[in-house]
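Biologist: I am new to this protein, and I would like to go through it with you step by step. Could we begin by putting the structure on the screen?

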Amino acid sequence: MNGGAPAPSGAQCGMGVSGVCALWRRVSGPEEQRLMELLSYGLVAMGAGSAVLLRFIRMPYGRYSSRRFGWLLPARPAWALQELPSLLVPIGLAACGGAVTADWPNRILLGCFVVHYVQRALIFPLLIREGKPTPFFTFVLALLFCVYNGYLQGRSLSNYAKYPSGWLKDPRFITGFIGWLIGMAVNIHSDHILRNLRKPGETGYKIPRGGMFEYVSGANFFGEILEWFGFALACCTIESLAFALCTLFILGSRAKQHHQWYLEKFEDYPKNRKIVIPFVY
């Protein structure tokens, strides 16, 4: 005899999914669009506020990890779990069949967002080599951010962003898509350089060299900033622009912290390197 409540049947699970999708269809409309606009402004404000805060404290992550911000979580599972909502939320929203999900510009743009987070949530964690543990507070903030932004980008591209029939040939889409692609390539290549700075058995830090690190201290950050500004240009939505600006504020501040740290730690650190934007800043 099997004790406890019976396991839900496939039909019950299907009804549950249908109910969630029906809820999204009911809330769709001008009120939700206004909410998303306000959330986009909030995203920019969040990024700007973080940039101000990071002038006084170092982001408690990686080399700056500290127990002061909660118990420490293993790097790999923490990174995967905190990034996962940015992958699953947009896929779930698209699966519910929003008003514009079937349109090719929306499919491609949503695909760009999903591809990035497949790499960040599923592939990148497997490549981490003995990463510094992540404080619980930092993990929770990152998790909430990914839920927040996953909803904004996923809902916008699956239900509201409408493009003219020739959008895929529009210079804004083409330029933005190329920027997204180059930025992602720079980000992945820069992470590869950082992972391979130390040989097996070595400890301590080294000066990163090669690729965009010849021009900026935060090459991986530069790649991600370029990626999301390219995405914003290709999308031409307030949600994507808000994400790009938030990324610039936060990663620009982190790059500045890294740059100052390198200058303090290494006497022979290249003085001609900029912080995060080649030849500019």
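Biologist: How many disulfides does a search of the whole structure find, and which cysteines form a disulfide?

Modeller: Please keep in mind that this is a predicted model. The search of the whole structure finds one disulfide. Because a pair counts when the sulfur atoms are within 2.5 Å, the sulfur atoms at 2.2 Å qualify, and the cysteines that carry them are Cys21 and Cys96.

Biologist: Which parts of the chain does this pair link, and how many residues apart are the two cysteines?

Modeller: Cys21 belongs to helix α1, which covers residues 10-27, while Cys96 sits in the loop between α4 and α5. The link, with -75 degrees about the S-S bond, is left-handed. These are distant parts of the chain, and the separation is 75 residues.

Biologist: Is Cys96 buried or exposed?

Modeller: Buried means under 20% relative accessible area, and Cys21, its partner in the disulfide, falls in that class with 10%. Since Cys96 has a relative accessibility of 15%, it counts as buried.

Biologist: How do the axes of helix α2 and helix α9 run, roughly parallel or roughly antiparallel?

Modeller: The axes of α2, residues 30-53, and α9, residues 238-265, come within 8 Å and cross at roughly 10 degrees. Angles under 35 degrees count as roughly parallel, so α2 relative to α9 is roughly parallel.

Biologist: Which kinds of residues make the contact of α2 with α9, and how many are nonpolar?

Modeller: From α2 the contact includes Met36, Leu43 and Val44, and from α9 it includes Phe243, Phe249 and Ile250. Four of the residues in the contact are polar and two are charged, whereas the number of nonpolar ones is 13.

Biologist: How far apart are the end C-alpha atoms of residues 228-251?

Modeller: The unreviewed UniProt entry places the feature "transmembrane region" at several spans, among them 108-128 and 228-251. Residues 108-128 are 95% helix and 0% strand, with end C-alpha atoms 29 Å apart. Residues 228-251 are 92% helix and 0% strand, and their end C-alpha atoms are separated by 12 Å.

Definitions and conventions: Residues numbered from 1 in each chain as written. Predicted model: local features only at pLDDT ≥ 70, side-chain atom pairs only at ≥ 80, totals over all residues. Heavy atoms only, no water. Axes fitted to C-alpha atoms, helices over the stretch in contact; angles between N-to-C directions. Helix = DSSP H or I, 4+ residues; strand = E, 2+ residues; numbered from the N terminus. Parallel < 35°, antiparallel > 145°, perpendicular 65-115°, else oblique. Contact = heavy atoms within 4.5 Å. Nonpolar A, V, L, I, M, F, W, Y, C, P; charged D, E, K, R; others polar. Buried < 20%, exposed > 50% of the residue type's maximum accessible area, 1.4 Å probe, protein only. UniProt positions renumbered as here; feature names shortened; annotations may be inferred.
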